[in-house]
Amino acid sequence: MRVLVAGGGIGGLCLAQGLVRAGIEVRVFEREGGADSRYQGFRIGLDEPGASALRECLPPRLHGLLTAVTGPLAGERRVVDEQLNEVRRLGRSDGGTAADRHVLRQLLLSGLGGRVEFGRAVVGYAERADGRVEARFADGTCAVGDLLVGADGVGSAVRRQLLPGAGVVELPGRSLLGRTPMTERLAALVPGAGTLVHGPGASLLVGRMEFRRPPRLAAAELAPEVELPDAASYLRWVAVLPEPLTPEPADWVEVRDRLLGLLDGWHPDLVELVRRSDVGNSSPLTIRYAEPVPHWGTGPVTLLGDAIHPMPPSAGQGANLAFRDAALLCRSLAAVHRGEAELTAAVREYELVMLERGFAAVADGLSRLAEFTPAR
């Protein structure tokens with residue numbers, strides 16, 4: 001059995017790791033030119049089901065390194081006003097894990113070698129008469145496999161062909177994703193799992209990415225064959241504005257300066273958080289979600305993660321669901337590989353569970369958006 005994966009993000013790579021562990025042939029096609037060719041976003045929160053799914057797919061030799069290069073995500077989640085006066089508490093979050101997306105992606109690339117091909121954008125596919133599938137690339141070439149998995153994100157070309165009527169909704173307003181180097185002063189903004197700031201005309205959601213050990217040094221000691229970036233701990237923050245910035249800013253420096261104008265009179269530590277943001281690792285953030293779709297009838301093409309159920313970040317489930325999808329699909333395909341199941345039936349079973357779970361998470365995220373939305 002040969003599995004083709006469109007998309008080399010964390011969901012597609014997690015799937016590839018699990019398939020390699022199961023002895024299944026897999027090829028991953030990523031449209032980017034290389035692993036470091038663009039900004040990757042940053043801190044994500046993993047709950048226990050998501051983290052367990054990730055560990056299930058990773059080879060055991062990397063489990064210790066994964067623990068070393070992630071961080072705790074625990075304690076009270078509090079809501080404060082723009083002067084840092086506590087307004088209320090949202091309850092404790094215990095047992096979670098904070099992970100840096102770029103570090104995690106590099107870890108997930110470990111050991112895959114030539115199975116991952118960069119600069120190979122999947123633009124469509126064709127189902128063959130023999131039941132196999134042909135992935136087609138932007139350069140006019142193709143690859144043939146028994147199953148094509150669209151793990152190519154919210155703009156998925158695979159989904160557009162498989163489900164041309166599937167709707168993806170862009171939420172109004174403007175969100176900005178910022179990253180600021182951690183200092184003792186700024187770390188105090190997040191004494192627990194996270195801090196939500198509701199101020200006049202804007203909200204800020206602030207969280208820590210505090211590595212247990214520096215990723216590059218941890219890799220050198222625990223898994224010398226793995227090369228991880230030289231990343232330092234930081235604060236991740238999201239600014240939510242009720243309206244887009246107009247006119248549209250030209251770059252992050254202008255975005256930051258315009259946001260600072262909106263924060264005039266806010267607590268100096270919050271102003272400093274934004275002022276010190278890393279220009280190369282901060283960006284506007286477009287929030288989208290998928291409208292539910294019925295099961296489409298199983299064939300040699302399926303979908304995973306944001307390619308099928310993108311969701312707002314308000315429930316913190318995007319990465320968790322991608323890893324759970326990957327682990328579930330791995331289990332289904334491993335049963336086929338062992339001769340215990342037929343491919344179409346196994347993929348159908350995966351799809352039914354994935355769709356129900358994924359769109360329940362989308363609904364949950366939408367129901368919680370109001371917690372983070374500032375007054376107009």
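Is the crossing of α1 and α10 left-handed or right-handed? Please describe that contact closely, then move on to other parts.

Reply: The crossing of α1 and α10 is right-handed. Keep in mind that this is a predicted model.

Start with the two helices. Helix α1 covers residues 10–21, and helix α10 covers residues 318–337. Their axes come within 9 Å. They cross at roughly 30°. Angles under 35 degrees count as roughly parallel, and α1 and α10 are therefore roughly parallel to each other.

Now look at who touches whom. From α1, the contact uses Ile10, Gly11, Cys14, Leu15, Gly18 and Leu19. From α10 come Ala319, Ala322, Phe323, Ala326, Leu329, Cys330 and Leu333. Sort the residues of this contact by type. You get 11 nonpolar and two polar residues. None is charged.

Helix α8 (residues 252–262) packs against helix α9 (residues 268–275). Their axes are 9 Å apart, and the angle is about 170°. Angles over 145 degrees count as roughly antiparallel, so α8 and α9 are roughly antiparallel to each other. On the α8 side, the contact has Arg256, Leu259 and Leu260. On the α9 side, it has Val271, Val274 and Arg275. The types here are four nonpolar, no polar and two charged.

A pair of aromatic rings is described by the distance of the centres and the angle of the planes. Tryptophan 252 sits in α8, while tryptophan 237 belongs to strand β15 (residues 234–241). The two are 15 residues apart, and the pair links distant parts of the chain.

Finish with a loop. Arginine 120 lies between β6 (116–118) and β7 (122–127). Its relative accessibility is 15%. Buried means under 20%, so arginine 120 counts as buried. Which residues does arginine 120 contact, leaving aside neighbours within four places in sequence? They are Arg27, Phe29, Glu30, Arg31, Phe137, Asp139 and Thr141.

Note on methods. Residues numbered from 1 in each chain as written. Predicted model: local features only at pLDDT ≥ 70, side-chain atom pairs only at ≥ 80, totals over all residues. Heavy atoms only, no water. Axes fitted to C-alpha atoms, helices over the stretch in contact; angles between N-to-C directions. Helix = DSSP H or I, 4+ residues; strand = E, 2+ residues; numbered from the N terminus. Parallel < 35°, antiparallel > 145°, perpendicular 65-115°, else oblique. Left-handed = near helix turned anticlockwise from the far one by under 90°. Contact = heavy atoms within 4.5 Å. Nonpolar A, V, L, I, M, F, W, Y, C, P; charged D, E, K, R; others polar. Buried < 20%, exposed > 50% of the residue type's maximum accessible area, 1.4 Å probe, protein only.
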